Each structure stands twice: as C-alpha cells, then as structure tokens.
Amino acid sequence: MGETQPEQAVAQRDTTALEPLFREFLPTKAGHDAAFRLGWRYLDHGRPRAALECFQSLAASPAAERFEPLLSLRMAAALQQTGRNREAKQYVANVRKRHPDARLRRFAGDVRLSDAPLMDLLVSFGGPADPQA
C-alpha cells in the first residue's frame with residue numbers, strides 16, 4: 001500500500017505541504033510528524049514564535065513523548081529566542097529530570113543530557129539541524 005498525501009509531505013519534508021497538515025491533521029500521526037518538522041524548520045529559519053506554536057500543539061497531544069527529549073529541547077530554544085529565558089531554563093531542567101540518561105549526539109561525540117551545560121543545550125538545539133537525525 002502506498003503512502004498517503006500527509007505521509008508523503010512529511011517524508012519529503014515539504015514545508016509548503018506541512019503547514020496545512022499541521023492544522024488539519026494534528027490529531028493523527030502524520031499531523032504530529034508535520035508539527036514537529038514544521039516547528040523545527042521555523043526555528044531553523046528564524047521564526048521562533050511560529051515554531052513555538054507547532055511545538056506547544058504537539059506537546060499538548062498524547063503523542064508528545066514519542067518526540068522527547070528533542071521536542072522539549074527545541075521548545076526551550078524557541079522560548080529563549082522569544083525572550084522567555086526563565087521558561088526555557090525550566091523546560092531544560094524538566095527534560096533532564098524526565099530523561100536523565102538520554103544521550104545527545106554532538107560533534108565531539110555523545111554526551112549525557114544531564115551532563116551538558118544549559119546554554120550549550122539551548123544553542124545546540126536552537127540552530128540549524130536535520131530533524132531526520
């Protein structure tokens with residue numbers, strides 16, 4: 001069986017097609033994927049408020065855990081970029097508590113989430129990266 005239109009848009013990372021998916025299909029797996037990827041794209045392109053809308057919608061859904069800890073880290077980066085530093089720090093603290101043994105792939109190798117400096121995390125997850133990783 002072939003992919004549906006929403007699945008194709010997500011797989012191809014088609015931002016133009018992801019926007020309506022985010023709004024129309026949010027309660028579905030394709031909608032969750034679209035919200036995550038679209039938020040990632042918005043943040044990478046200097047649109048943290050739009051990214052925050054996507055990440056907050058996803059975080060409020062039952063599917064949020066599937067995207068953790070990256071969802072919380074990207075949301076913290078978006079919060080920081082909109083000047084909401086206290087909330088950003090709280091998100092990082094919470095994700096460290098919920099995922100103390102999570103490992104992050106870094107240029108210099110893997111590092112435990114709980115060992116990474118706070119500002120390092122916010123900078124690392126607020127800049128361009130590939131959500132496929």
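This is a predicted model: local features need pLDDT of at least 70, side-chain atom pairs count only at pLDDT 80 or more; totals for chains, interfaces and linings use all residues.
Is Asp44 buried or exposed?

1. Asp44 belongs to helix 3, which covers residues 29-44. Its relative accessible area is 17%, and because the cut-off for a buried residue is under 20%, Asp44 counts as buried. The side chain of Asp44 forms a polar contact with the side chain of Arg74, at 2.8 Å.

2. The chain has a mean pLDDT of 77, with 65% of its residues at 70 or more. Among the elements of the chain, the lowest mean pLDDT, 58, belongs to helix 1 (residues 5-12), and the highest, 93, to helix 4 (residues 48-59).

3. Over residues 127-133, pLDDT stays under 50. For this stretch the model has 12 contacts beyond four places in sequence.

4. The length of helix 4 can be checked. With 12 residues at 1.5 Å a residue, helix 4 should span 16 Å, and the distance between its end C-alpha atoms is 16 Å, so the two values agree.

5. Helix 4 has these buried residues: Pro48, Ala50, Ala51, Leu52, Cys54, Phe55 and Leu58. In general, an α-helix has 3.6 residues a turn, so residues three or four places apart point the same way.

6. The peptide bond joining Glu68 and Pro69 is cis, with omega of about 5°. Most peptide bonds are trans. Pro69 is located in the loop between helix 4 and helix 5 (70-81).

Terms used. Residues are numbered from 1 along each chain as its sequence is written. Side-chain values use heavy atoms; hydrogens and water are left out. pLDDT is the predictor's confidence in each residue, from 0 to 100. Helices (H or I, at least four residues) and strands (E, at least two) are DSSP runs, numbered from the N terminus. Contact means heavy atoms within 4.5 Å. The expected span of a helix is 1.5 Å times one less than its number of residues. Buried means under 20% relative accessible area, exposed over 50%, partly exposed in between (1.4 Å probe, protein chains only). A polar contact is a pair of N or O atoms within 3.5 Å; within protein, one must be able to donate a hydrogen and the other to accept it, and residues adjacent in sequence count only if both atoms are side-chain atoms.
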